Amino acid sequence: MNEFAGCPGSRMVDFRKGETREEAPLGKVQSQLRQWPVQLHLVSPTAPYYQGADVLLTADCVGYALGSFHTDYLKGKSLAIACPKLDQGQEVYTGKIKSWFEDAKINTLTVLIMQVPCCMGLVDLAQQALAGSKRKVPVKAVVVSLQGEILSEKWV
Amino acid sequence: MEQYLNMAVKEVITKFPEVGKILEEYEIGCVPCGVGSCLLKDVVEIHNLPDEEEQGLMARIAREIYPGLEITVPRVERKGKNRSKELKYSPPMKKLVDEHVLIKRWIALIPQVLEAFNAESTEGAQLVLEGVNFIRSYADRFHHAKEEDILFKYFDENSELLKTMLEDHVKGRGHAKAISEAVEKKDREGIVEHLMAYRELLTEHIKKEDEILYPWMDRNLSVTQVGELFSRFIEVDEATDRKGIERCESFVLEVEKKFQKEVIK
C-alpha cells in the first residue's frame with residue numbers, strides 16, 4: 001500500500017527516518033494505574049475508583065504514542081480505554097459514560113484521543129452522554145499527534 | 001532590569017511614562033488603572049502574549065529604561081501550561097462570563113434610564129431602586145459572592161491582582177449604597193453621579209475579568225480544581241432562590257423593552 005493513500009487512521013507512517021529523539025531519562029518509570037480492568041466494555045461505571053473521580057477516557061493508541069502518559073495524564077485519575085473505530089457495541093459506551101456523570105458523580109472527564117479523524121468519535125460519545133445527562137460535568141478533549149505531541153487541550 | 005520587573009507597574013510608568021504607551025500598544029491597559037500596584041512581571045505574565053510579542057515588548061521597555069544599553073531581558077515565567085490566546089473558558093469560568101452578560105445588559109441601559117429620569121416622580125425613583133436591587137441581588141450576592149467565597153480562595157487573595165478585583169467589588173457596593181441614599185433625598189445629581197460611576201467601574205471590571213483574569217485563572221487551575229469549582233457553582237445556583245434570579249432577568253428585559261434598547265448578545 002502506498003504510504004500516502006487510504007484512511008489517515010491506518011495509513012502507514014515510518015518515524016525512523018531522520019530520527020533525532022531526545023533520550024528519555026534512565027530508570028524505571030512508576031506506573032500510575034490504580035485499577036483493573038480498564039477496557040470500557042469491561043469496567044463497571046459505578047466501581048469505587050470512579051466515585052467522585054477525575055476520569056480519563058483514552059483512545060487505545062494514545063498510551064503508546066504519548067511518552068508521558070502515566071506522569072502527565074494518568075496520575076491521580078481513574079481510567080477507561082476504548083477504540084471508537086474498531087470497538088463493537090458503542091451504544092453501551094454512551095450509557096456507561098452517562099452513568100459516570102449521573103451515578104458515580106465523577107468530578108471531570110478528560111478524553112484523550114489521537115489526531116486521526118476516526119478518534120474524534122470518542123469525544124462525540126462523551127458529548128452525547130453529557131447532552132443526555134441530568135448532571136453536568138466539565139469535559140476536556142486532548143488531541144495527541146502520531147509522534148506524541150499535545151496538539152490541543154480544550155474544554156468541550 | 002530585574003528590579004523593574006518586580007516593581008508596581010504604576011511606579012514604572014510614573015518613572016518612565018513611555019512604558020505606559022508601549023504597554024498600550026500591546027493592548028495592556030495599565031495606564032488608566034486607578035490602582036496600578038500589580039508588578040510589571042505579573043502584568044506581562046497575565047496577558048499571556050505569544051513569545052515573540054513578549055520579547056518585542058520587553059526589549060522596548062528595556063530600551064526605554066536603559067537607553068543606549070544592551071540589556072538581556074529574562075523571560076517571564078508562567079505557572080500555567082496552556083499558552084493559547086483563544087478565549088475558550090473552562091465550564092465554571094464560562095458560567096461567570098455568561099452571568100456578566102446580564103450585568104452588561106443593565107449597565108448599557110443606565111445612560112438612557114438617567115436621561116429620562118425624574119427624581120421627583122415615584123415611577124422614576126422606583127426604577128432606580130429596582131436597578132439598585134439588581135446590583136445587590138444579582139451582580140453582588142449571586143455573582144460576586146461566587147468569586148469571593150469560592151473562586152478567589154483557589155488563588156493568593158493577597159496578590160495585587162485579586163486585591164484590585166476585591167476593591168472594585170467594595171467600590172461597587174459603595175456606589176449602590178450612595179444611589180439608594182440619593183433616591184431617598186431625591187438628589188438627582190447624586191443618583192446620576194453614582195449610577196454612572198458604577199457603570200464605568202463595572203464595564204472595566206468585567207472586561208478585565210473576561211479578557212485577562214479568568215483566562216489566567218484557567219491556565220493555572222488543575223483539572224481537579226475545575227471540576228470542584230463547577231460543582232460548587234452549581235450548588236450555589238441550586239441554593240439560590242430561582243424566583244429572585246428570574247425577577248432580575250425580567251427587570252433587565254422590561255427596561256430594555258421600555259427603552260427599546262438592543263439586547264447585547
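I began with A:Lys105 in this predicted model, and I noted that A:Lys105 counts as partly exposed because it has 15 C-beta neighbours inside 10 Å, where buried would need 20 or more and exposed 12 or fewer. Its phi is near 45°, a positive value in a residue other than glycine, and I placed A:Lys105 in the loop between helix 3 (90-102) and strand 3 of chain A.

I then turned to chain B, where B:Lys186 has a positive phi of about 55° although it is not a glycine. B:Lys186 lies in the loop between helix 8 (160-184) and helix 9 (188-220) of chain B, and I recorded it as partly exposed because 14 other C-beta atoms lie within 10 Å. I kept in mind that most residues other than glycine have a negative phi, and that most peptide bonds are trans.

With that in mind I looked up the peptide bond from A:Trp36 to A:Pro37, which is cis, with omega near 0°; A:Pro37 sits in the segment before strand 1 of chain A.

Next I traced the sheet of chain A, which is open and has five strands in the order 2-1-3-4-5, with mixed pairing. I found its edges at strand 2 (78-82) and strand 5 (150-155) of chain A, each of which pairs on one side only, and I noted a twist that averages 15° from one strand to the next.

Which residues have the most contacts inside the largest nonpolar core? I listed A:Val111, A:Ile113, A:Leu122 and A:Ala126, in a core of 40 residues. I also noted that strand 1, helix 2 (69-74), strand 2, helix 3, strand 3, helix 4 and strand 4 of chain A each supply at least two residues of this core. Leaving out residues up to four places away in sequence, I found that A:Val111 touches A:Leu57, A:Leu122, A:Val123, A:Ala126, A:Val139 and A:Ala141.

My last entry concerns a second, separate core of 29 residues, which includes B:Cys30, B:Cys38, B:Met58 and B:Val226.

Notes:
Residues numbered from 1 in each chain as written. Chains lettered and ligands numbered in written order. Predicted model: local features only at pLDDT ≥ 70, side-chain atom pairs only at ≥ 80, totals over all residues. Pairing = 2+ DSSP bridges. Helix = DSSP H or I, 4+ residues; strand = E, 2+ residues; numbered from the N terminus. Axes fitted to C-alpha atoms, helices over the stretch in contact; angles between N-to-C directions. Core = buried A, V, L, I, M, F, W, Y, C linked by C-beta atoms within 7 Å. Contact = placed C-beta atoms within 7 Å.
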